[in-house]
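Please look over the sequence and the model shown below.

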Amino acid sequence: MPTPSTFARFDRRMLLRGALAVTAASWVPRRSYAADAVSSTGETVMLSDAAIADLQKSIKGSLVLPSNPEYDTARRVWSPNVNKYPALIAKVTSVEDIQATIQFARRHNLLTAVKCGGHEYNGHGMADKGLTIDLGGFGGVQVDKTKKLAFVNGGAMLGELDEATIPSNLAVTNGTANHTGIGGLATGLGQGRLSRVLGYTIDNLRSIELITPEGKLVRANAKENPDLFWAVRGGGGNFGIVTKFELQLHEIDPNNLTSFGYTFPVAKAKDVLKYYFEMADKVPNEMALSSGVTTAENGEISVSFNGNFWGSPEEAQKLLAGIDRFGEPTRKRFDKADYLKVQSAGAGPKLSTRTLYMHSGFFDKVDSKIPDVVVDRLTKAPMPRAGIRFSQQAGAASKVAANATAYPYRKVLHQCAADGNWLDPKDGPALRQYANESWDLLKPMSNGGFYINYYCDPTEDDMKRAYGANYEKLSEVKAKYDPTNFMKLNFNIKPKGSNKRASR
Ligand SMILES: Cc1cc2nc3c(=O)[nH]c(=O)nc-3n(C[C@H](O)[C@H](O)[C@H](O)COP(=O)(O)OP(=O)(O)OC[C@H]3O[C@@H](n4cnc5c(N)ncnc54)[C@H](O)[C@@H]3O)c2cc1C
């Protein structure tokens with residue numbers, strides 16, 4: 001395990017005093033930090049104190065080195081199993097900071113990661129022995145209420161966007177955990193309580209500003225750099241660092257929302273799943289449903305049926321009239337909701353103590369065998385803390401053409417995730433295997449695609465599946481903007497023509 005050994009002697013207070021490695025008494029050549037940093041291609045990088053001091057002088061934000069007391073806090077991301085030791089974490093606060101840091105990274109050919117909210121399950125936001133560009137200090141949202149536009153800095157958290165818009169009865173599709181970062185969400189896809197009404201977050205992007213892997217600030221929209229604009233809408237962090245997302249807002253009534261959830265015992269599981277699929281065919285776009293069969297810590301199995309509806313509880317109850325056939329649920333809620341509160345209420349801890357692992361995919365049609373496969377899987381060989389969950393898609397997102405954005409899967413009716421979560425790392429391998437085997441049973445009935453942000457440990461072939469017919473074009477755009485695959489700590493697209501292995 002890499003330890004903060006050599007950098008431990010590099011003291012930022014010295015740096016701030018301008019003392020660097022020179023002391024008044026004597027000058028002692030300091031050891032290089034070769035062992036602590038690596039290049040984007042895996043070679044050792046010689047980073048001198050002077051180079052780090054220069055970077056610190058050129059940015060307003062701060063550098064966190066392994067010797068700093070806040071190092072362990074700074075390297076922590078949402079998932080507790082991500083345990084990486086960056087050589088350097090640059091906490092940037094402006095476009096200029098990001099440019100200076102990315103140019104530094106290029107000069108030293110450092111393995112570089114980009115972190116916004118740090119919620120990506122695979123820990124792509126942290127570079128082991130490399131440089132992490134932490135955008136967390138570069139938040140902020142401006143709203144033009146007349147034009148109904150939000151300008152979101154590349155390091156903002158989702159809660160900032162909600163708070164800047166919802167109180168003015170404006171909104172755009174946003175994720176459901178307010179401490180998630182906009183950076184990973186709005187470059188990946190962006191599903192949420194409004195996606196069936198307004199499309200995904202990427203469908204509401206009007207333009208972006210981005211710092212390319214070469215450090216150049218560019219703008220991209222339908223007219224300027226349209227290839228880049230196309231690629232960023234679903235292609236993740238492959239093309240540079242987005243410093244500004246311009247998002248189209250829509251008028252909503254945040255108090256005209258109903259949120260509901262039912263839990264039933266396992267005996268009802270097949271029928272509840274069938275009901276979910278049946279209802280998903282019928283309900284209007286204002287309603288979004290989800291259902292899943294899960295096992296609790298004690299192995300108890302249950303089935304859930306949840307959703308939200310942009311309308312009154314009375315209207316929602318009418319739409320869901322048939323649910324009475326399952327008798328008394330073990331848990332039930334059916335509430336008129338305040339959208340801003342709902343967005344922050346169910347977010348869970350900002351840093352999870354449990355590791356979540358999942359494989360997921362999409363169904364364009366529903367095979368009638370699915371409920372049997374799911375319930376058999378969870379009842380015949382139950383594994384505590386595992387699940388198979390479905391969430392309804394389609395609606396407004398399906399009106400977008402498959403080749404209009406890098407994300408291609410527009411006719412999807414249901415997303416399905418097979419997952420497991422654990423507190424104790426020793427439970428990880430078995431739950432990982434269980435989730436993988438669960439998904440293997442369902443995959444043949446799926447369309448082969450998946451949403452990158454809901455997938456762990458993708459292989460290079462998986463990445464091709466994630467983009468289907470759009471992969472080829474994505475790989476060409478990658479070759480244009482990042483021919484050396486400098487930005488590789490992400491859901492990686494290999495630049496067209498490169499034979500290097502995609503990194504994970
Ligand atoms: C609790 C929780 C709830 C979630 N809920 C939802 C949900 O409701 N809907 C949904 O769609 N997804 C959801 N997700 C998945 C989420 O979208 C992804 O985990 C996403 O990657 C998180 O973004 P982040 O900025 O927080 O992550 P980070 O780990 O900081 O970043 C992930 C990657 O995004 C890229 N990136 C980050 N910032 C930028 C930037 N400014 N420019 C370019 N690239 C950048 C980088 O490649 C980085 O490695 C959820 C995840 C969690 C943990």
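## A network of charged residues

In this predicted model, salt bridges link Glu-297, Arg-354, Arg-385, Asp-424, Lys-426 and Asp-427 in a network.

## Positive phi angles

Most residues other than glycine have a negative phi. Arg-385, although not a glycine, has a positive phi of about 65°, and Lys-148 likewise has a positive value, near 55°. Lys-148 is found in the loop between strand 5 (141–144) and strand 6 (149–153), where Lys-148 is partly exposed with a relative accessible area of 27%.

## Individual salt bridges

Glu-472 and Lys-496 form a salt bridge in which the closest N and O atoms are 2.6 Å apart. This pair links distant parts of the chain, with Glu-472 in helix 15 (residues 471–481) and Lys-496 in the segment after helix 15, 24 residues apart. Glu-472 is partly exposed at 43% relative accessibility, and Lys-496 is also partly exposed, at 41%.

Asp-72 pairs with Arg-75 in a salt bridge whose closest N and O atoms are 2.7 Å apart; Asp-72 is partly exposed, with a relative accessible area of 47%, whereas Arg-75 is buried at 10%. A salt bridge also joins the side chains of Asp-367 and Lys-369 (3.4 Å, N to O), where Asp-367 counts as partly exposed at 25% relative accessibility and Lys-369 is partly exposed at 48%.

Notes:
Residues numbered from 1 in each chain as written. Predicted model: local features only at pLDDT ≥ 70, side-chain atom pairs only at ≥ 80, totals over all residues. Heavy atoms only, no water. Helix = DSSP H or I, 4+ residues; strand = E, 2+ residues; numbered from the N terminus. Buried < 20%, exposed > 50% of the residue type's maximum accessible area, 1.4 Å probe, protein only. Salt bridge = Lys/Arg side-chain N within 4 Å of Asp/Glu carboxyl O.
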